[in-house]
Amino acid sequence: EPSIVWFRRDLRLADQAALLAAAQAGPVIPVYVLDDETPKHCRMGGASRWWLHHSLASLDAGLRKLGSRLILRRGKAHEELAAVRRETGARLVHALHHYEPWWRNAEKAVAKGMQLVLHDGNYLAPAGSVKTGGGAPYKIFTPFWHALKERMPPAHPADAPVKLDAPEHWPGSDALDDWKLLPSSPDWAGGFREEWTPGEQGALSRLEDFADRARRYDECRNLPSIEGTSRLSPHLHFGEISPATIWQRVADAGGSVDVFLSELGWRDYAQNVIVQFPEYGSKNAREAYDRLQWRDDPEGLAAWQQGCTGYPIVDAGMRELWHTGWMHNRVRMIAASFLVKHLLIDWREGERWFWDTLVDADYGSNAVNWQWTAGTGVDSNMFVRIMAPLTQSPKFDAASYIRKWVPELRHLSDSDIHDPTFLPQRYPRKIVPHAEARARALAAHDAMKAQG
Ligand code: FAD
C-alpha cells in the first residue's frame, strides 16, 4: 500500500524526513496542494507564487530522476488529500511540521480522515520545544537562543532517497502552468529571474557561494552595498534546503560564524512566537497599541510602496523589493521604521505589502520583525526609539546601494547622495521632514499612554 508525502514549505529531496519515512515503507505518492482557502487572508502573495511555480517544477524534475513525480492538486488540503486517498488506497500521510495557524488547522482536518505522521526538520528544533527551566516557552530572543544553542549542532542531515517506488495507480494531477502562478501582463518578474534560481540546486549553490564568505558575515551583514549576507531566505522559506544542512556547511567552513548561526536562531524564534500567539500577524501583542492613533494616509502608503518618499535609503530599499522580491535586512528595518514612525501608518499595512512582494514572505518572520520594529511585540517596546534614515544611510555606507536602485541620484557624490540638497528633477521632495515626523510620532505615543 502506498503512502502520501504531503509537501508544503519543504520542497526538497535531501534531509526531508517525511519523504524518507514514506520511501522506506513502500510506494510513495508525492503531493502538493495549492490551498488558497484554508489560509484565508494569508493566501500566498504574488512574489511567493512566482517562486512556488519554479520550485515545484524543480521538485518534480528531481522526483522524476528518482522514478517518481509530483502530483499537483488545488483546493482545501484535507479534501484533496482525501480524494487522493480514494483514488489510490493510500491511508498514511507523511508531512513535516509547519506552524502557521492555518496549517495546524489543516493538519487537524487531515488527521480526522487519515493517519497523519508529522516529522521534524524544517527548523533547528521543533517550535515550542525550547523551554525555560520552569517549562514555559520563551518570549524573548536572547534567552531562547541560549537555550536552543545548548541543543546544537542539529542532527547530521540525511541524504535524499536514491530511488522511490511508484504506486500501482497514479492519481490525477493538475498541470502546473494551469495554476497561472507566474505574472503575464504586466510581467513584473524580470528582476526576479535575474536574481534567483528557485529549487534545491539553486539553494545549494547559494550556500556554497556563501560558505566562503561566512566568516566575514559579522563585519559585512549590515552593509547593503555589498553582498554580505547569504540570500538563503526564500530557499529556507520554501524548505528547499534544511537549516541543518546550512548549519553544518557553515560551521564546517570554520571561523567565527556564531552571528550568522544566531540568525538561523531568529528564524526558529519567529516560529516559537507564532505557536504561542497564532494571531501575531494581525494583532498587537501589546494591547495598549490598539489605542494608538495611526494615520489614514493612502498617498503616503503609496509613496512608500513605490519608493517615492524622498528619503533615498528608504526608496532604494522599496525599489529593490519591487524589482527583486527581496530587500537587505538593514534596509528592511529602516524602511519598516519609516512607515510606522515617520508616516505613522499602522504596521499591518507594511506587513501586508511585504507579504505580497517578498519572495521570502514568511508569516512568522514577517510578523515578528514588524511587531519588533513597531514596538508592539512581545519582545520589545521600541516605538519611541525612532530610527533616523538620513543618519543610518551614511553609517552603513549605502551610497552605491542607492545609486543602483535610485538611478535619478546616480550622479551625486558619496556624501551628498544620502540627503541631497539639490534635487534632480524626477526625484521627489521629502514626504515629511524628519524632525516633524519624529515629533508627530512621539505625540501619538504620548496620547496613547495618556489614555491608558
Ligand atoms: P542572512 O543574514 O544570510 O541570514 C540567514 C537566514 O537567517 C535568513 O535567510 C533567514 O532565514 C534567517 N534570518 C535572518 N534574519 C532574520 C530575522 N530578523 N528574522 C527571522 N529570520 C531571520 N525574513 C524572512 O525570511 N521572511 C520575512 O517575511 C521577513 N520579513 C521581515 C520584515 C521586516 C520588517 C524585517 C525588518 C525583517 C524581515 N525578515 C524576514 C528578516 C530578514 O530581513 C531576512 O530574513 C533577511 O534579510 C534574509 O536575507 P538573507 O537570507 O541574506 O539573511
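How are α5 and α11 oriented to each other? Before I answer, please keep in mind that this is a predicted model.

Helix α5 covers residues 141-150, and α11 runs over 258-276. Their axes come within 10 Å and cross at roughly 110 degrees. Angles from 65 to 115 degrees count as roughly perpendicular, so α5 and α11 are roughly perpendicular to each other. The crossing of α5 past α11 is right-handed. On the α5 side, the contact is made by F141, F144, W145 and L148. On the α11 side, it is made by S262, G265, W266, D268, Y269 and N272. Sorted by class, that contact has six nonpolar, three polar and one charged residues.

Now the domains. The chain is divided into domain 1, residues 1-122, domain 2, made of 123-154 + 200-276, and domain 3, 287-451. The centres of domain 2 and domain 3, taken over C-alpha atoms, are separated by 25 Å. Between these two domains, 17 residues of domain 2 are in contact with 21 residues of domain 3. On the domain 2 side, α9 and α11 are the elements that give two or more residues. With five residues, α11 gives the most to that side. By class, the domain 2 side has eight nonpolar, six polar and three charged residues.

Next, the ligand. Which residues come nearest to it? They are T229, S230, S233, N366 and N369, out of 27 residues around the ligand. The shell divides into 11 nonpolar, nine polar and seven charged residues. Domain 2 and domain 3 each provide at least three residues of this shell. Four helices each supply at least two: α9 (233-237), α11, α14 (329-342) and α16 (363-374). So far, then, α11 has come up in the contact with α5, on the side of domain 2 that touches domain 3, and in the shell around the ligand.

Last, some backbone details. Most residues other than glycine have a negative phi, and most peptide bonds are trans. Where are the exceptions here? A cis peptide bond joins M152 and P153, with omega about 0 degrees. Another cis bond runs from S185 to P186, with omega near 0 degrees. P153 is in the loop between α5 and α6, and P186 lies in the loop between α5 and α6 as well. K40, which is not a glycine, has a positive phi, near 50 degrees. K40 is found in the loop between β2 (28-34) and α2 (46-65).

Note on methods: Residues are numbered from 1 along each chain as its sequence is written. This is a predicted model: local features need pLDDT of at least 70, side-chain atom pairs count only at pLDDT 80 or more; totals for chains, interfaces and linings use all residues. A residue is near a molecule or strand if its C-beta atom, placed from the backbone, lies within 6 Å of it. Ala, Val, Leu, Ile, Met, Phe, Trp, Tyr, Cys and Pro count as nonpolar, Asp, Glu, Lys and Arg as charged, and the others, Gly among them, as polar. Domain bounds come from an automatic or database domain assignment. Two residues are in contact if their C-beta atoms, placed from the backbone, lie within 7 Å. Axes are lines fitted to C-alpha atoms, for helices over the stretch in contact, and angles run from 0 to 180 degrees between N-to-C directions. Angles under 35 degrees count as roughly parallel, over 145 as roughly antiparallel, 65 to 115 as roughly perpendicular and the rest as oblique. A crossing is left-handed if the near helix is turned anticlockwise from the far one by less than a right angle, and right-handed if clockwise.
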